[in-house]
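Q: Please take a close look at one helix pair in this model. I would like the packing described first, and then the chain around it.

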Amino acid sequence: MGDSQYSFSLTTFSPSGKLVQIEHALTAVGSGQTSLGIKASNGVVIATEKKLPSILVDEASVQKIQILTPNIGVVYSGMGPDSRVLVRKSRKQAEQYHRLYKEPIPVTQLVRETAAVMQEFTQSGGVRPFGVSLLVAGFDDKGPQLYQVDPSGSYFSWKASAMGKNVSNAKTFLEKRYTDDMELDDAVHTAILTLKEGFEGQISGKNIEIGIIGADKKFRVLTPSEIEDYLQEVE
Amino acid sequence: MSKVAIDMPPKGGFSFDLCKRNDMLVKNGLKMPSFLKTGTTIVGLIFQDGVILGADTRATEGPIVADKNCEKIHYIAPNIYCCGAGTAADTEAVTDMISSQLTLHRYHTGRESRVVTALSLLKSHLFNYQGHVSAALVLGGVDITGPHLHTIYPHGSTDTLPYATMGSGSLAAMAIFESKYREGLTRDEGVELVAEAIRSGIFNDLGSGSNVDICVLTKGHKEYLRNHETPNPRTYVSEKGYSFSKKTEILLTKITPLVEKIEIIEGGDAMEE
């Protein structure tokens, strides 16, 4: 195919007008573990599978959902190390914003700056795009917000979204289940059910991760026992 | 003709390139702008459950009191506070910067910040600037290893002490501490001793004055007592109010409150592919 000749260099467009490296990056995301986010009327929930390569891995040390500011959290699908770099940069940008303007960074601003970083890596020499898509969940003066940022640097605001392996089934499930007046607890239940759809094996508090932010504007990751409680409610 | 631009790496610290020019300007009659100093009394002491910091609230610009109620106890971390003496801008900027660095550090480590971390960051920054950043600090906090109290001098040296004073009123305050400090003070005794030390600075040092600010830090809890004591109230306020001479022209007697104009802009932030 003509495109394959243009897939080695990132900074070259293919004849069909695509940057093939970004397409490949999206493929990397698509083969990553499922993650999803749901925006409720009074908060946001983000969740992901935490499938570890072996039972010997100390799962308490693995944390996929990270906090960026006290009121913004993020989850990823794709390459973990790439997400760590982005989380580090985003935290620094949020802190720099706070130092300059003495107000907590609005969610849209942080998303925009993170997306700008990801875009830089699609237009520079000698670098490759990030192999992650991020779901950023935050609660600021404009209310609860959920954003997805792609390797190309484009970002979208979602009411509910999923990324990774089971994305089409998960999105269909979410489309059916989502209502505008959903509350945070309902959203957590829906998130768990969506993850359960494509889950191989027994779902438990130890192999999924859930982060929530409510009207108190404090992002936190749920403990495995809290997840177990929600799982029992869902049963 | 090829232009060769040599990219010099930033050396850090201040650049003194303009000093010669400044000397020339002063010689030609230019008055250098003065800076705001906090001729100050700041103190700290360790009591049985933690640390108490205290400060006065006067900021001076030479012989003039520029701010009668400034805040000299700065936030560094939820469990660490810092009193600052010296140039007001320097103390504020340096504590702000280190506070920001510690916030990032907390995200990366997932742990509560330690006082020694703040101490190391502050002293290495001040040392890099060779004393030109005129900030003398009393740093106190309670972390996982216990309560800590340190003093930091503008050149970057530090002391670790059970009780400390800094600023122009430090001698007056230290006199109080040396005579009345003992180990194992309770919270109320500690607060009273700190207040007494600051009051001694307020009344006996010209560079210190107005009110007493106190901050009590214990394990997992902080109490910021802004204006804990106000021993210098404005006693005489005329009941007659102010009157203007008949020659004063009154332009406007109507007060129009400002109304917020809310504009709804169509289109949002969502990007198009």
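A: The setting comes first: this is a predicted model, and buried residues make up 51% of the 235 residues in chain A. The pair in question is helix α4 of chain A, residues 167-177, and helix α5 of chain A, residues 184-197. Their axes lie 9 Å apart and the packing angle is about 145 degrees. The crossing of α4(A) and α5(A) is right-handed.

On the α4(A) side, the residues that meet α5(A) are A170(A), F173(A), L174(A) and R177(A). On the α5(A) side, the partners are T190(A), L193(A), T194(A) and E197(A). Sorted by class, the contact of α4(A) with α5(A) consists of four nonpolar, two polar and two charged residues. A170(A), F173(A) and L174(A) in α4(A) and L193(A) in α5(A) are among the residues of this contact; T190(A) and T194(A) are included on the α5(A) side, and R177(A) in α4(A) and E197(A) in α5(A) also take part.

A compact globule of 235 residues would have a radius of gyration near 18 Å, and chain A, with 18 Å, agrees with that. Along the principal axes, the C-alpha atoms of chain A fill a box of roughly 55 × 45 × 35 Å. Of the contacts in chain A between residues at least 6 apart in sequence, 63% join residues at least 24 apart. The accessible surface of chain A is about 11300 Å², and carbon and sulfur atoms account for 51% of that surface.

Conventions:
Residues are numbered from 1 along each chain as its sequence is written. Chains are lettered from A and ligands numbered from 1 in the order in which they are written. This is a predicted model: local features need pLDDT of at least 70, side-chain atom pairs count only at pLDDT 80 or more; totals for chains, interfaces and linings use all residues. Side-chain values use heavy atoms; hydrogens and water are left out. Axes are lines fitted to C-alpha atoms, for helices over the stretch in contact, and angles run from 0 to 180 degrees between N-to-C directions. Helices (H or I, at least four residues) and strands (E, at least two) are DSSP runs, numbered from the N terminus. A crossing is left-handed if the near helix is turned anticlockwise from the far one by less than a right angle, and right-handed if clockwise. Contact means heavy atoms within 4.5 Å. Ala, Val, Leu, Ile, Met, Phe, Trp, Tyr, Cys and Pro count as nonpolar, Asp, Glu, Lys and Arg as charged, and the others, Gly among them, as polar. The radius of gyration is taken over C-alpha atoms; the globule rule is 2.2 Å times the number of residues to the power 0.38. Buried means under 20% relative accessible area, exposed over 50%, partly exposed in between (1.4 Å probe, protein chains only). Accessible areas come from the Shrake-Rupley method with a 1.4 Å probe; for residues, only the protein chains shown count as cover.
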